[in-house]
Amino acid sequence: MRLWRAADGRLQAADDRCPHRGTRLSLGRVVDGALECPYHGWQFGDGGRCVRIPAAPGFEPPAGHGLGSHAVQERHGLVWLRVGAAGEGAVAELPSFEAEDDARLRKLLCGPYRVATSAPRIVENFLDLAHFGFVHEGWLGDRAHTEVDDHGIEPTPQGFAVVGCRAWQPRSNQRSSTGRWIDYRYEVTGPYAAQLLKLPEDADAERDAIGLFVAPLDPERSLVWFRLAVTDLASSDEALRAFQHAIFTQDQPILESQQPKALPVYAGGEVHHAADRASAAYRRLLRERGITFGTV
């Protein structure tokens with residue numbers, strides 16, 4: 001796959017192969033918004049159309065001389081690609097991140113992380129409150145506050161929300177210096193995407209939103225990004241990323257140790273209890289959508 005920007009700044013996505021002699025276009029360059037093949041200088045413009053053949057300057061290249069193009073969009077600080085769907089309008093509905101459009105919040109992207117497990121395992125971990133006091137002890141939880149209060153599941157157009165979540169957190173964000181109770185609202189916004197909103201009891205305290213976006217490389221390997229939307233305008237980008245990095249790299253060895261790496265979305269294989277309500281809802285969503293990154 002080759003990505004580049006056209007002369008008007010719009011992102012383009014096409015196969016990384018020149019239709020002339022099969023050369024990798026990623027070895028070439030972009031000239032005035034056109035992707036140039038390094039072998040014979042063929043140039044490709046908007047939608048992968050061939051716009052110039054230097055060896056035959058008077059020749060008007062037909063459509064068959066163009067590249068296989070793919071639908072692409074930019075959103076939440078990321079590039080979203082739908083392979084095999086030409087045209088920008090063909091990109092499927094993207095997972096939402098409500099805080100993205102809030103001009104009062106500072107946005108920051110963290111990642112990508114390469115994780116040796118399936119995408120659903122990563123999403124399920126993101127929704128899990130019961131591991132805070134163990135995996136994130138001294139940060140998002142402690143062993144004196146491990147009970148998970150009753151919480152609810154509410155359907156949404158893109159998936160479901162987990163409401164009524166509450167956790168004691170010694171250090172809920174990069175600037176925290178004292179522990180506090182934090183109300184959480186999770187939402188699954190796609191098969192491999194979720195978001196959370198942290199709501200401290202103190203109305204004047206900083207409120208954070210975190211979006212999780214996972215790209216499956218295959219059933220046992222994934223790329224992970226986090227999108228932060230925070231009221232913290234004072235900390236450096238490096239400090240904010242370092243906090244998120246510290247949290248996720250506590251999760252990562254746990255995630256990579258889980259067996260099987262594919263999430264068991266059907267009954268059997270793993271046992272459950274009352275605090276696993278969000279996990280159960282997520283596995284049910286995957287079953288309903290026919291997503292098979294799990295054991296049958």
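Modeller: Two strands are said to pair if DSSP finds at least two bridges between them, and a strand is itself a DSSP run (E, at least two residues), numbered from the N terminus. The model is predicted, so local features need pLDDT of at least 70 and side-chain atom pairs count only at pLDDT 80 or more, while totals for chains, interfaces and linings use all residues. Residues are numbered from 1 along each chain as its sequence is written, and side-chain values use heavy atoms, without hydrogens or water.

The account begins with an open sheet of 4 strands, which has the order 3-4-5-6 and antiparallel pairing. Strand 3 (29-31) and strand 6 (50-52) stand at its edges; each has a single partner strand, so one side of each lacks a neighbour in the sheet. Within the sheet, strand 4 (residues 34-36) and strand 5 (residues 43-44) pair in the antiparallel sense over 2 bridges. Glu36 has Gln43, in strand 5, as its bridge partner.

The side chain of Glu36 also meets that of Arg29 in a salt bridge (3.1 Å, N to O), a term for a side-chain nitrogen of Lys or Arg within 4 Å of a carboxyl oxygen of Asp or Glu. Arg29 is exposed, with a relative accessible area of 52%, whereas Glu36 is buried at 16%. Here buried means under 20% relative accessible area, exposed over 50%, and partly exposed in between (1.4 Å probe, protein chains only).

Strand 7 (residues 71-75) and strand 8 run antiparallel and are joined by 5 bridges. There are 2 residues between these strands, and in this hairpin His76 takes a positive phi near 60 degrees. Arg75 stands opposite Leu78 in strand 8. Strand 8 (residues 78-82) also holds Val79, which counts as partly exposed at 41% relative accessibility.

Arg75 takes part in a salt bridge as well, its side chain meeting that of Asp101 (3.0 Å, N to O). Asp101 lies in the loop between strand 8 and strand 9, and Arg75 in strand 7, so the pair ties together parts that are 26 residues apart in sequence. Asp101 is exposed, with a relative accessible area of 59%; Arg75 is partly exposed, at 31%. The whole structure contains 18 salt bridges.
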